[in-house]
Structure formats: structure tokens, C-alpha cells
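I opened this entry to keep track of what I looked up, one topic at a time.

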Amino acid sequence: MELLEKISEELQNGNFIDVPKLTQEALVQGISPAVILSDALVAGMDVVGEKFRRDELFMPEVLIAAKAMQAAMTVLRPKLIETGVETAGTIVIGTVQEDLHDIGKNLVGMLFEGAGYQVIDLGVGVASGRFVEAVRTHKPDIVGLSSLLTTTMPRMREVIESLVEAGLRGSVKVMVGGAPVTEKFARDIGADGYSPDAASAVEKARTLKP
Amino acid sequence: MKPTAGGQYRPLTDEGIRKIHDSAMTLLSEIGVEVHSKLAFETFQKHKAVCDPSKNLVKVSRSMVEDAIARAPKKVVLCGREEKHDLYCEGKNVHMGTGGTVLNVIDLETGVKRPTTLKDVRDIARLCDALENVHFMVLPVYPNDLPPEDVDLNRFHSSILNCSKHLMGGIYTLQGTLDIIRMAERIAGSPQALRERPFVSFITCVVSPLKMDDIYGDILYHIAKAGMPVAIPAEPLTGATAPVTIAGLLAGLHAETLSGVVLTQLVNPGTPVLYACTATSTDLRTMGYVSGSVEMGLINAGAAAMAQYLNLPNYTTAGMSDAKVVDAQNGYEKAVTDVLVALSGSNFIHDAAGLVEFASTASYKQYVIDNEIIGMAMRAVRGIEVTDDTIALDAYRRVGPGGNFLADPHTILWMRREHYLPKLSDRQLRINWEKAGSPTVEEKAVAAAKRILKEHKPLGLSGELKDSLRAQFPGIRP
Ligand code: B12
């Protein structure tokens, strides 16, 4: 269908102004939300991902496409929920207390948006209590913790312990990342997932689905 | 040490510099800086900056910046504990040294990467004390074996014991910073003596784009109050926390570091402050931080030019590499960025020794190799001296047509001064090199580092002073 192709194409161009409008138009035309998601948006992001892997696109081009995806999802998500289509999920993400590095965290968040997730970004210097609160309110599938300092890495363990104490640990998967974080550290503190970079973070998240 | 002046390389035109400066003034007065430190915010407010407390926003006018620049010292002397190590940060004088703070080190014995400990703080300080081309030490590593509350004081204490060059360091807590100042006052003899010859100084930071953090804002406030020297770097990264273009990044950097300079001069006029840049570029494929790009050299040379325009002593970055091992990439990235920034005439070029892998890992052998690269870069900075003596018409007269200069007195007189003699580079004939076991630079560097660590005796402190410091600061480790 022409319109779906156009959406996919504009998504690949990172046209975050028109993609949500075109998505709305598709809904008005009566195309099913599930089809718009799979045949236009996800299809478009797949092309972007493939071109990125072949070095034809650079990261900023992937991120602007992700921005278009996210804009389309704000239009589409309510309809998907109405029609009972399963969406990618929700992730609460933040940089732990006393740490204000956020470039990596933002990048990870944007790529999750590109993969169709709803991303709730708590910002930087986020205390354990705020993560717990956000899990309670938003009921995310995943909590993503970022730390770039050795001095703040122990905060990740603290967040996990607080989730246990609040009785919420079973309801959510915890992913951790940041330059000094390692696979082993992630295991030691009882996290469910770790990834060394943004590109593999989404893939990892997909394997964590409950 | 007689300062060596650079400035031969200028990546910006006068017009470009003015345009970037004007744009930075627009950023500060129109967009403003988000100031999360209460102490800093109140200081700006008290001095009638346009403040919006609901957004923590401070707009700094051009005249406020100009007042601050007028008050800031045009010359900052960062002293060593021995005068021969004093650094005259002014004009286009060039000094190069180490950087940090990193968490891992390539072990000298095993060659394997492992977490750093207090022993590494000590050993690297001793190594840097002995390396003649490393002009100062920015405390390079983090002691992972200490509890966070003891890190600041012990990092400085161990470094003071092992290195008598100027010590500048990042800090983690306000208490730690104040303890370091008190400890340094004891060592200097009095608070006054430390201000006269500050042998320690600090690094805080402004977060790009245009944001002053609460903890680092508070720490900066207290350092200025104490009248200690401080560098206030911003670390904008192209395409991530700054525009992807170098001029755009420089405008933001200029605004950010100047917002810190303004704060220090409002708190305590005359505070010795360094305009500072740790900016670099990102890799377009991942948007990850990279440290050895040629753009990083351009950016930091540009930052030096911006500081020189305002006559502010400056701190920049060069000589890093993204390579994980000692290889060609390691060499060319370090050499190219070192030379660009050194020739720009920057006063305090840090990170230029000892770091590999995105400036995230220290390496003992790398300090020795970088000592060599810095030696060559500094020789380039010194340039070509032209006098009657160096043109040496008299020597030509002695030698005459067809002769040689091999054993002429002029050769003997000038050779050491004119030529940098590398210690690691191989210049032997192949046959001799093979006879010597075909040694590589890396092998020679490892051997040199081991020898220094075994033999070098630093200045240290008297036993009595050491004991009394321990009594005053029980957190100090043996
Ligand atoms: C930029 C930077 C800063 C900027 C931060 C700006 C910002 N808005 O974030 C500023 C200048 C403010 C800064 C300040 C400091 N910094 Co800093 N900083 C860096 C630097 C150079 C790059 C970090 C970065 O953005 N990388 C690019 C992004 C894309 O990569 P990333 O963050 O690693 O994220 C990727 C992965 O890790 C992963 N990931 C990240 N988070 C998550 C989360 C999840 C859930 C998942 C799955 C994956 C994931 O995916 C990301 C994308 O691929 C690093 C050096 C380095 N090589 O990492 C030092 C570094 C992290 N900083 C360091 C230090 C010491 C500091 C300071 C303490 C300095 C000081 N003394 O003043 C302060 C501390 C401030 C604080 N309280 O947090 C040290 C840490 C060492 C230590 N002892 O712990 C480092 C390693 C530098 C060094 N020389 O060693 N810093």
C-alpha cells in the first residue's frame, strides 16, 4: 500500500514532523493499527537498522529516525492498546544517584523509542526511591540503570535491593549499563541484563521479555 | 624550567575568534546557564545577574563576563615543590603532562588490564616524577581499594610523597577538597605560604550544554573562597552535547568555561583560574566518545586561541588515543594531537601522558612512550632559533668548502641544545638492532618503567611531617 510505504520512507528520512501526521492519516483511512506498526514503522526501522550495520547510516541518522518512530507511536499507541495488540513495552530509565553522565543513557533511551518502546526517562542523579516509585506507577517491563562512575556503581545494587524490599523485583527486569559496568558486575548485583552499547541494548531487552 | 612559548599554529582567524566570542556572549545572555548549586546561584543573584529561580536559570551579561576577565589573573604560576618544576601559565607558554581520573591500568608486569589501587597512585606518581618531559601531574588514577570518603585526601597525599612536580586533581567530595587544602597548607608551612606557592590545584567542571551541577558548583565556590588555583573545564562532545560543527562546539565551550570563570571572580576576585577545555569529538557510527581524533586536536588548539584572545591562562587536552595497545594508531593519534595543541601555545596540556583506550585506562609503559612524544612535540614548539650564533658563519669560515662540521667546536657547543635525542626510538643499523635482540619501543618502555620504579627516589616529606599529617588526618593510609 502506497501510504504505508510513504510512512516507512519518511521514517527512514527521520521526518518526525510528517510521520505522525501520515500515521494519523492511515488510521483515518481505516488501516489497522497493527498493520501500520508492522508494515510501515517497524519495516522502516528495520531498513534503518540494516543500513546502520552496513555503515551506510551514522548514529545520528538512526536517532532521528527513532525520533520519528517515537512521534508516530504517540499517535498509534492508544489505538494499539484499544485493539489489544501487544506493544514492545515500557522502559523506565535513569542515571543513578550522584552521577550526572547522561549521553549514553539518552542514546539508549532513544533507541528504545525507535524500537517502539514507551520510554520514561527519570533523568540524572536518580535516587533509588524514585526508581521504585516509577516502577510502581508506570509498571514498566524493564528498568534501565546507567552509571559511569565507580563511585556510583554501588547505587545500582541499591536500586535492585530497594525493588526487592518494595516487593516489585519480580514484576520488572533490570538492565544495567555504562562504561565501567561489566557483565560480571551485572550478574553480581543480580541484574537481569547488561549490554556494552546502545545498539545491543534493545536486542538484549527483547530476550528478557517475561 | 624556562618556559617555552608556542603559538605558531592558529586554527582560527582573528575574525573567527571574535565571532565565536560574540556568539558565546549571546549564549550566556540569551539562553543562560542552568545553575543547580545553591551557593553558585545565590552568588550570581547577589551580583545582579538575571536569575530565574523557578528554572535555576542564570543569564550572564557581556559586561559581567568582561568584569570577571578583567579581575582574573593573566598569569597563574602553578608551583612544584621544587622551583625547577614551576609552571608559568601565561601568554603562549606550553607545558604538558598527565591526565585522569581513570579506573584501570595496564599492569607493568603482566601486561593485563586491571582495576587501579592506591599503590598505582603511588607508583605512577614516582614514574612521572622521574620522566623529564612530563611537566606536571594531573592525578591520573582512582584508588578502587579505598572507601569513597578517603579517596580525595589519599590521592593527593600519596602523590605528594612521590612526585614533587605540580599536582592538579579532580576531586569527588567537598570535605575531601577542604582536607586537601588543609594538608597542603601544613606541608607548605602556612596558609599564606601555600597561596604564594600553590603546589596543588583542582579541577571542577561545567556540564555541557550550559549547566552547572550542584556538587561541582558548590566545590568550585569553596575553592574560589579558599583562593586556590582551579581549572574549570567543559567537555562538550560534537553532535552529542554540542553542535556537530567545531565552531559551534567552541562557542558553547567558551560560554561554559567562562561561566565558571565569572563565578570564581564574583566569589573571590583574583582567584587563580584556568580557562579549560576537555572537549573532543564523537564517533559518528556510535556517537561514543573518542579521544584520538584529529578534530580533538583542532578543537583544543581552537580553545587555546579563544583563551589567548582574552589573555586567560588555559588548560586543554591532547595526546590521548583510542587504541587498546601500543600500536601505530596509538602513536599517530597521540603525536598528531600533541603537536597541534602544543603548537597552538596552550599553557597546560593535560592527558598527554599515560592514557590509552579513550583516556579510560592508564598504562605504565605508555608514560615512558608519551614522555618521548612530548619531548618531540616540545622541541617543535621551541621552533628554529635564528641568531648569528645559530647561523654560524664563523663555523662555515673554519670548515670552508668541502669540509665537514663533525668535530667543529660549534657542533659541540650547540648539538645538545638544538637536537632532541629520543631515548626509545631505534636508530641503529639493522645488523646492530638484530644483535641487540630486535627490541621494540614497547619492550624498551617496559624496561625503562621498571628501572625507574626500582631506582627513583622522590623528594618526599620529612618523617616528622609525615607523622604529624597522619595524626591530623587519620584517614591517610600508610
Ligand atoms: C562526557 C563525560 C563527562 C561529562 C558528562 C556530560 C553528560 N551530559 O553526560 C562531564 C564533563 C559532566 C563529566 C563529569 C565527570 N566525569 Co566524566 N566522562 C565523560 C566521558 C568522557 C564520556 C562519557 C560518554 O558520554 N560517553 C559516550 C556514551 C555514548 O557512552 P556511555 O556513556 O559509555 O554509554 C554507552 C554504554 O555504556 C551503554 N550504556 C550506558 N548507560 C546504559 C544503561 C543501560 C540500561 C544499558 C543497557 C546500556 C547503557 O550504552 C551507551 C551507548 O552506547 C567519560 C570517558 C569515557 N571514555 O567513558 C568520562 C568518565 C566517565 N568521567 C569520569 C569522571 C572521573 C568524571 C568526574 C568525576 C570528573 C571530575 N573529577 O570532575 C565528573 C563527575 C560528575 C558526576 N557527578 O557524574 C571518569 C570516571 C572514572 C571514575 N573514577 O569513576 C571517566 C571514565 C573519564 C576517565 N578519564 O576515566 N564527565
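Backbone, cores and surface

I began with Ala392(B), which lies in the loop between helix 13 and helix 14 (393-399) of chain B. I note that the model is a predicted one. The phi of Ala392(B) is positive, about 60°, although the residue is not a glycine. Is Ala392(B) buried or exposed? I found a relative accessibility of 9%, so Ala392(B) counts as buried, the limit being under 20%.

I then looked up Asp55(A), another entry on phi. Its phi is near 65°, again positive in a residue other than glycine. I placed Asp55(A) in the loop between helix 3 (33-53) and helix 4 (59-82) of chain A. Its relative accessible area is 44%, so I list Asp55(A) as partly exposed. I logged both phi values because most residues other than glycine have a negative phi.

Next I went through the peptide bonds. Gly100(B) and Thr101(B) are joined by a cis peptide bond with omega of about 5°. Thr101(B) sits in the loop between strand 8 (96-98) and strand 9 (104-106) of chain B. I also recorded a cis bond from Ser208(B) to Pro209(B), where omega is near -10°. For Pro209(B) the location is the loop between strand 13 (200-203) and strand 14 (211-212) of chain B.

I turned to the nonpolar cores. The largest has 125 residues, and those touching the most other members are Phe44(B), Met96(B), Leu127(B), Met183(B), Phe202(B) and Leu258(B). Helix 9 (residues 246-267) of chain B gives this core its largest share, eleven residues. I also noted a second, separate core of 46 residues, with Leu37(A), Ala40(A), Phe52(A) and Ile91(A) among them.

What does Met96(B) contact beyond its neighbours within four places in sequence? My list includes Asn133(B), Val134(B), His135(B) and Phe136(B), and also Asp338(B), Ala342(B), Ile349(B) and Ala352(B). Ile374(B), Ala377(B) and Met378(B) are in contact with Met96(B) as well.

Ile391(B) belongs to helix 13 (residues 388-391) of chain B. With 46% relative accessibility, Ile391(B) counts as partly exposed.

Last, I checked the domain assignment of chain B. It gives domain 1 as 4-13 + 69-382 and domain 2 as 388-418. Taken over C-alpha atoms, the centres of domain 1 of chain B and domain 2 of chain B are 41 Å apart.

Notes
Residues are numbered from 1 along each chain as its sequence is written. Chains are lettered from A and ligands numbered from 1 in the order in which they are written. This is a predicted model: local features need pLDDT of at least 70, side-chain atom pairs count only at pLDDT 80 or more; totals for chains, interfaces and linings use all residues. Side-chain values use heavy atoms; hydrogens and water are left out. Domain bounds come from an automatic or database domain assignment. A nonpolar core is a set of buried Ala, Val, Leu, Ile, Met, Phe, Trp, Tyr and Cys residues joined through side-chain atoms within 4.5 Å. Buried means under 20% relative accessible area, exposed over 50%, partly exposed in between (1.4 Å probe, protein chains only). Helices (H or I, at least four residues) and strands (E, at least two) are DSSP runs, numbered from the N terminus. Contact means heavy atoms within 4.5 Å.
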